[in-house]
Amino acid sequence: MPANADPPIASPPCPDGDPLAVPQGEHRRVRLAMYLAFSVLACALVLQGLRTLRMEASRTADAEILDHAARQRSFAHESGRMAALLAAAGSDAAARASRIQALQGLVSQSAQDALLMEALLTGQMRRSADARRQLGGALDEWQAARERLWYRCETLLNQSEDAARSQALQGAAAAVQAETEPAVRAAQRLIDGLRTAASERTLRVQQDVRWSLAGMLALLVLLVLVVVEPTARSVKRHARRQREQAAELQRLALVAEHTTALVLITDAEDRVVWANSAFERGTGWSLADALGKQPAELLAHPQADTAAQERLRQAVQEAHGLRLESLHRTHDGRDLWLDVDLRPLHEAGQPLAGFVRVCSDTTARVQQQAKLKVLWAALPVGVAVLGPEGRIVDANREAERMLGLSMAQLQGVAVADPRWRCLRADGSDYPSAELPAVRTLATGLPLHNETMGVQVPSGEVRWLLVNTQPQLGGSGQVCGAVACFSDITESRELQQRLHVSARTDELTRLPNRAVVMERLQQAVAHARRHEGYGFAVLFMDFDRFKQVNDTLGHGAGDELLRQVAQRLTFVLRPGDAVARLESSMAARLGGDEFVVVLDGVSEAARAGVIAQRLLEELSEPYVLENTPVRSSASIGVVVCADRQRLLADGASDEVMAEEVLRNADTAMYEAKRAGRARWVMFDDSMHERVVRLLEVETDLRRALKEDELFVVYQPVVTLSDRQMAGVEALVRWQHPLRGLVPPVEFIPVAEESGLIDALGAFVLETACRQFVQWQRHLGALAPRQLALNLSRAQLKRVSLVDDVRAVLQACGMAANQLQLEVTESLAAQDERVLATLRELKALGVRLALDDFGTGYSSLACLHQMPVDTVKIDRSFVKHAETVEYHRVLIEATIRVARTMGMSTVAEGIETEGQALLMLTLTCDDGQGYLFSRPLAADELEHWARSQAPLAVDTV
């Protein structure tokens, strides 16, 4: 196996039920113990067998020797008897011959048997030293007696051949007989010695047998303790491990069968022997079809990476582990990307058993990665992947374009490379250690929306918006970072222009409100830190700017504002203030409102001098489109020089700046209330009045919710017959503490606070319902028309026409029975208001021009307004009897209106003389306290009934 190959894994469970392998070391120990036990037992049995054979050979030899000894004794007896018989034969030759032959045979047989016995005895003596000691004397005696006997017998046989010598024969026979008895006794003694020696050997053998049995038992016990018991324990442990491994393998087999991973087991030739169901589902190959085939045959793909296939083939050939991802093809032809983990199956020192492949289906991920690669290339933002050392390892095309280098040039380059200069948002150099990507690599924290400038090799500076994200390894350590950056060069330039624009009024090129607030906050902070420092704020509003806009047009109004800005800049010379923070500043807040901040002005008199000079300069005539125009300004002045008060207040600089500006605004409104074209110094009483107005607003909100508001109706009569032509609906407020609140106190507050919509809707719905109710109750005496006033805010509301239509439909009232009144100044405001009036006119509602003569329009412009009625203001009616100018103006208005088909109403008629004059001037209708004050609904109904006879008499 190669040195760098992955270690092999143990064999997994096989589907054909092969037994579990015993661990190699334990198997060797068990086998060695068994062989040792068998060897010891075999040696013991061999030794015992040899010993038994020796004992059996000795016992057999003893028996044979005893037999031979007994036969020697018998031979001795028989020799003596034959010798006697031979001697007794005398001259009988035949008898003597047969007996000689018998004696010869006996002697020959005795000699042979004696030789055999001596050979046996020699063997016994060699086996036992005690045998020679025990038999030595008896054996020697027997041998001597035997030799003498044999000699006498030979002598007898020699003499028996000479028959003539009978006497000698008899003597030889007697000599034989004489030797027979000693030979028999010697043989008997030998026999007794042999028996004794055999008995002793038997006893020794028995003792040896007992010792041998004891030794065998001891050996068996030793084997049991040393071999059998450890082996049994080892087998028991192995059996337990087998059971545990069997259970574990069953679980592993269950996991392998039910895992989503594709598991494939092959043999040493890399042919399939088993596959799980996930493999069958994922590849479309059944196990029966896959058996015996190589995976390369089953899953080959024509477009697979040949290098990856070669690596896999080499891993199988060299039997080492490998993990790779490659393209395969299923049985039905689908593309299948698999992350293959190949491991060989064999024990250490054992031959290769096969391979196991655990494959994860990565098709979806690979397809997703392919999409991401396309997205990576098409991303409109630059993306750079950095290694742990902060060097670029990958980047997309947009990053190449932004950084001015190709991918080959970017590869391995550090983010702090000197080829590009990194800048902070303020244009200063960006330290290398503080670059976003370097900080993310150091801290492991992402960064968002970091602005950074990069001077690319071409010298161009590109501004980038950088986001970084750390890449974490398996143990949570930072192993890299991803930097995403978008080119904000154009947007930054635009932002800078917008920043300047956001702080500069586009029309006058003066600073705007944001700059004013910054300057005031700086001034407040400076005043809190430095004793004796003060500053002043002048808040101004032009008195006739609206009239200029309406009469000469918005172009002329814009030109007026530009000339005002020039005069303000000219007036605020350096000598007008002692600059401590920056020079004094003039700014436009919006519309015709301007603010001047005077640094270092801590005396009210000094601020008053500057305000007066501003009034004088701004009141000089302006030339707008070759037309001289005069305009004045109302100025509110605030001086902040009380450091102790600023410190005691405790509010933030921002809050204090807002308060200073609000106080100047309040003082400016007081200047307008005082008659305009003047400056007013702020004091705390002005603030109290503002607080009262706020209280009115709060109470008015509550009044709308708790029905404290109600509607009264003032009759409008026909001057010719004094008959009621209609009514005008007027709102009233019954305060629970203050009593009846005049409309002049709460109507302006409602307009400023945005409550006028709710107030107008309440009046419209209440009056219309009451008008319809009068139609049912009064019949012919009921008013023929209902008039209501519209405010500036109501006319600006887009849904006004729809709201009026909805109320008329809900009440069942005809549109021509409703007359909506607008002031002359509102009607002449702009095209949007005129368009709303035309929509109301198209709805069928009648329109009246209220307070005519007090606004900015002229009789020549009356035809441009879509109105049905002109209401002459009470200020003209009041002086018409005594002032010729007013009478002529009223007469001209009535004639113009009649010419244009409009009716006229004279307001504020309080005397009969005024009524007769209006009738003489051919005014159609009149309204005023002469006829009736505003009445509640039930009072108006009573008044209408009481006026019926008077109307008849007048007619």
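Student: Which residues line the second largest cavity?
Tutor: Gln-72, Phe-75, Ala-76, Ser-79, Leu-106, Val-107, Ser-110, Trp-142, Arg-146, Leu-149, Trp-150 and Ala-183 do. A cavity is a set of points on a 1 Å grid over the protein atoms alone where a 1.4 Å probe fits but cannot get out, and lining residues have an atom within 4 Å of a point. This is a predicted model, where local features need pLDDT of at least 70 and side-chain atom pairs 80 or more, while totals for chains, interfaces and linings use all residues. Residues are numbered from 1 along each chain, and side-chain values use heavy atoms, without hydrogens or water.

Student: What's the volume of the second largest cavity?
Tutor: About 70 Å³, taken as the space filled by probe spheres set on the points.

Student: OK, how many cavities of 30 Å³ or more are there?
Tutor: Three. The largest cavity has about 220 Å³.

Student: What lies nearest the centre of the largest cavity?
Tutor: Leu-403, Val-415, Met-452, Ala-483 and Phe-485, out of 16 lining residues. The lining is 16 nonpolar, with no polar and no charged residues.

Student: Which elements each give at least two residues to the lining of the largest cavity?
Tutor: β6 (382-386), α12 (436-443), β9 (447-455), β10 (461-472) and β11 (478-487).

Technical notes:
On a 1 Å grid over the protein atoms alone, a cavity is a set of points where a 1.4 Å probe fits but cannot get out, and a pocket is an open set with protein on both sides within 12 Å along at least five of seven lines; lining residues have an atom within 4 Å of a point. Helices (H or I, at least four residues) and strands (E, at least two) are DSSP runs, numbered from the N terminus. Ala, Val, Leu, Ile, Met, Phe, Trp, Tyr, Cys and Pro count as nonpolar, Asp, Glu, Lys and Arg as charged, and the others, Gly among them, as polar.
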